[in-house]
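Welcome! Here are a few exercises to work through with the model in view. Try each task yourself before reading its solution.

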Amino acid sequence: MDPGTWDLLLRSVGPLLMGAVAGTIPLTLASFVIGLAIALVVALARLSTIRPLNVLAGAYISVIRGTPLLVQLFIIFYALPSLGVLIDPFPSAVVAFSLNVGGYAAEAIRGSILAIPRGQWEAASTIGLGYALTLRRVILPQALRVAVPPLSNTFISLVKDTSLASSIMVTELLRRAQEIAAPSYQFLALYCLAAVIYWLICTVLSFGQQRLERRLSHYVTV
Amino acid sequence: MSLVTVRNLRKAFGDHVVLDDVNLEVAEGSVTVLIGPSGSGKTTLLRCLNGLTQPEAGVVTVGDVTVDYADRPGRDRLAALRAQSGMVFQAHHLFPHRTALQNATEGPIHAQREPAAQARQRGLALLEQVGLAHKADAYPSELSGGQQQRVGIARALALRPRLILFDEPTSALDPETVGDVLLVMRDLARQGWTMIVVSHEIRFAEQVADHVAFLDGGGIVEDGPPSQVLANPVEPRTRTFLRRVLDPLSQGPDSDRSD
């Protein structure tokens, strides 16, 4: 590699990290938090005995999982304006990613709720807890432990999926790399640098996942 | 005075009739032990008393609450019935993410809205009563089977129910921890708690029960004081069952080995 490339790389680290801090990370966090809220509601609807709720939730999951995320993103940013709905790039991305996380995490949450033995529901009801309290105090805290590995997968995938937002002009990590690479023709160097930063973020998250799993398992002695 | 009245209870799972026109009365302050072979419907009967199992028909009264199952009672009605009793499960079903004390205070604080400090104080007293004050901060996974079951008893008592239902509380336990649980139950009986116990512990029934009901084939075959049902049973089915439970090796080659 010639010295000019090294120089460019060094000078690009700052702007790319800024792209991560100002774009990728807030986009990921906002989408994940909103997505989890959607997922919980959808998972409960899916588990509900009320048929319309059940069907609606099933349809939502099916559409989200059965269509490409990029297409979902394009529909929200490029297609909705023709219906008069105009959303800025960043909020468009948050909407698309939240809905996407909602669909995938719903199944993970549903599975983890189903993994909690029926006896826990029964015991909760014999001590007078209703549905909402049973969920909040008994089922979800235990389900969370079960859900951490699949939800961590969703979270880490989301970090990388936010790179798709570069295609709707959200200034995030990959977009920054493109902007610097284009005039200099240093695509290899810049995209590899972007990849390294994504990898670093995901590695930190994996480490966090392990710590979280340990913390949530404090009451389980083997 | 009857605290519990059961009239014409009928429960079927598909074609299989589990309870066929069962009637039962339990006096306040008495201990009733339900015995019988597995599949005889005794656990189902117990679960119909708090609505965990909903029979097709039958009227159950516990304390101030009467539920007619033929009317398909809603969630609120069943909750009202359930609130009359505490339940101790065979597999304890303690909340694994809560300590022993938190298990005992969960219902009082979050369902009955008792002030937390007061609930904790009562919870500690109850754990002391079941011999586990020193384990208040232990998680269920750190306790032995017998200890877990005693926490389960404290959790049920903490709700100050009218009666306590025990569903085979010792049958999943290591033999050496069974005694601890039975002693706690005996003490509760002496304190005047109304208890309905599904159990295979015939000795416990002999010593503690006021009333024993032998169930078989979905009905109560014979019931009365233990001196009658356990010591001098009239029904051949009761005799056969007791012989098998008390002396499993005694069966001659001619006896009926249906299972």
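## Exercise 1: the sheet of chain B

In chain B, four strands make up an open sheet in the order E2-E1-E4-E5, with antiparallel pairing. Strands here are DSSP runs (E, at least two residues) and helices likewise (H or I, at least four), numbered from the N terminus; two strands pair if DSSP finds at least two bridges between them. This is a predicted model, in which local features need pLDDT of at least 70 and side-chain atom pairs count only at pLDDT 80 or more, while totals for chains, interfaces and linings use all residues. Residues are numbered from 1 along each chain as its sequence is written, chains are lettered from A and ligands numbered from 1 in the order in which they are written.

**Task.** Find the edge strands of this sheet, then see which helix packs on the sheet.

**Solution.**
1. Strand E2 (16–27) and strand E5 (65–68) of chain B are the edges, as each pairs on one side only.
2. From one strand to the next, the twist averages 10 degrees.
3. Strand E4 (residues 57–62) of chain B runs antiparallel to E5(B), and four bridges join them. B:Val62 has B:Val65 in E5(B) as its bridge partner.
4. Helix H2 (residues 75–82) of chain B packs on the sheet and touches E4 and E5 of chain B. The direction of H2 makes about 135 degrees with that of E5(B); such angles run from 0 to 180 degrees between N-to-C directions, and axes are lines fitted to C-alpha atoms, for helices over the stretch in contact.

## Exercise 2: two packed helices

**Task.** Describe how H3(B) packs with H4(B).

**Solution.**
1. Helix H3 (residues 100–111) and helix H4 (residues 116–129) of chain B pack at about 130 degrees, their axes 9 Å apart.
2. The two helices, H3(B) and H4(B), are therefore oblique to each other (angles under 35 degrees count as roughly parallel, over 145 as roughly antiparallel, 65 to 115 as roughly perpendicular and the rest as oblique).

## Exercise 3: meeting chain A

**Task.** How many residues of chain B are in contact with chain A, and which element gives the largest share?

**Solution.**
1. In chain B, 22 residues are in contact with 17 residues of chain A (C-beta atoms, placed from the backbone, within 7 Å).
2. Strand E6 (85–88) and H3 of chain B are the elements giving two or more residues to this side.
3. H3(B) provides the largest share, four residues.
4. As for confidence, the predictor gives the complex an ipTM of 0.92 and a pTM of 0.89.

Terms used
Two residues are in contact if their C-beta atoms, placed from the backbone, lie within 7 Å.
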